[in-house]
Amino acid sequence: MNKDIPRIYLKKNKEESLKRFHPWIFTGAIARSDRPVNDGEIADIYTSDGQFIARGHCGAGSIAVRVLTFCQESLDLSWWKRRILTAYTLREQLGLTKNPDTDCYRLIHGEGDGLPGLVIDIYGRYAVVQAHSTGIYDALPLITEALVSCYGERLIAIYNKSEGTLPHALEIGCQDGCLWGVPAHSSVVFENGLRFEVNWREGQKTGFFIDQRENRSLVGHYASGRDVLNTFCYTGGFSVYALRGGARSVTSVDSSGKAIELAEHNVRLNFPEGVSHQGIATDAFDYLRAMNEDQFDLIILDPPAFAKHHRATANALNGYKRINAQAFRKIRKGGILFTFSCSQAINREQFRNAVFSAAAISGRNVRILHQLTQPADHPVNIYHPEGEYLKGLVLYVE
Ligand code: SAH
């Protein structure tokens, strides 16, 4: 069967990053292939002197191959079952698979789980699968079978949410929808004992930002008695935790009216008796610019990825600087600022420098209380540092 797999030969000395197990091969590293390869096809990678080094999915963009294995092994159903079981076992060890207080978690985090191009989020008894490459999309039947075999009766449906992430979704006929089980598009999940309605059909990403779970808990810890502003709130994750933590008031801001509706819905789900919460559908930059000074003593800034590519880095850093400068200028004395960046193209140091510049403009006394990142169900493959995308700082502002 291996005879059918095309061989791609690297240019001389271009195997170094692969020897250090980095899972991406860029087009510039490739010398030739023994036959033309198609987007999504499995290919074997050879060094310039003819040594096998890796096997992976061919892509159409600047990443020519995403490595799935450094062995010459068949990527069949039993391989997928083993990879998914390995990821599941880690989540089991993290205490996430049978926890009634938290029944949503990330099962597969792309390169962090040795599966570039694949994201799988678990929402209670539903799995939402997101393919970022044609190779992964083509493997969805195997992935579905492997998931069903791993979870058994605990899973009742698998949903494909790849239209927005696949480079050529329309051309290859990818449509979001049920892959297996009962057709459903939303569910109420638990996170640290709080309830959230997750709608994977309508929502952003797979429906919920699972990666902020631990950082939301920290907001809850500091919220007591504070007036909280949650910008870029999406479905109100930080707001709900702040309210449980005893915030005096919470204001949630997002440019999407739908997000504000969902945030308000989630607040009602958790506090049917009513709490001091206000949702505002508006641009967060405008809101921060126009709001009064001394109105809030806990502010959360969790914008979308401003830089999707390295080219956009300068603009993104400027965006971070602008919103942070407003927050520093206006937060009450003794206020706490939670500020985040989820741009993969911006590293921890660049983000910290942008926040540093913003602090310097305000002239306030600012101290770092916590340095935050993504939780353990979004693991970072040490050979793929790009996987560390979520960066956060908790700052005490005097
Ligand atoms: N903090 C959220 C996730 C934020 S995702 C959580 O914990 O779930 C980023 C959000 O920013 C999205 O909901 C998007 O609608 C919103 N957004 C994007 N640009 C915006 C802008 N200019 N002003 C306000 N919200 C914006």
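I started at the hairpin that E8 and E9 form, with 2 residues between the strands. Gly124 sits in its turn, and I noted a positive phi of about 65° there. A reminder to myself: this is a predicted model.

Next I looked up how E8 and E9 pair. They run antiparallel and are joined by 6 bridges; in one spot I checked, Val119 faces Gln130 of E9.

Then I turned to the other neighbour of E9. Strand E10 (residues 157-160) runs parallel to E9, with 4 bridges between them, and Val128 has Tyr159 in E10 as its bridge partner.

Is E9 buried or exposed? I found 6 of the 6 residues of strand E9 (residues 126-131) buried, so the strand is largely enclosed by the rest of the structure. Tyr126, Val128 and Gln130 point one way, while Ala127, Val129 and Ala131 point the other way.

I stepped back to the whole sheet. It is open, with 5 strands in the order E7-E8-E9-E10-E11 and mixed pairing. At its edges I have strand E7 (104-109) and strand E11 (177-181), each pairing on one side only. Neighbouring strands are turned by 20° against each other on average, direction ignored.

Arg106 stands opposite Asp121 in E8. Helix H2 (residues 77-93) lies across E7 and E8, at about 140° to E7.

Last, a look at the surface. Phe21, Ile382 and Tyr383 make up a nonpolar patch with about 340 Å² of accessible area together. I placed Phe21 in the loop between helix H1 (16-19) and strand E2 (24-26); its relative accessibility is 38%, so I logged Phe21 as partly exposed.

Notes. Residues numbered from 1 in each chain as written. Predicted model: local features only at pLDDT ≥ 70, side-chain atom pairs only at ≥ 80, totals over all residues. Heavy atoms only, no water. Pairing = 2+ DSSP bridges. Axes fitted to C-alpha atoms, helices over the stretch in contact; angles between N-to-C directions. Contact = heavy atoms within 4.5 Å. Patch = residues over 30% accessible without salt bridge, like charges linked within 9 Å, V, L, I, M, F, W, Y side chains within 5 Å. Areas by Shrake-Rupley, 256 points an atom, 1.4 Å probe, with all protein chains shown as cover. Salt bridge = Lys/Arg side-chain N within 4 Å of Asp/Glu carboxyl O. Buried < 20%, exposed > 50% of the residue type's maximum accessible area, 1.4 Å probe, protein only.
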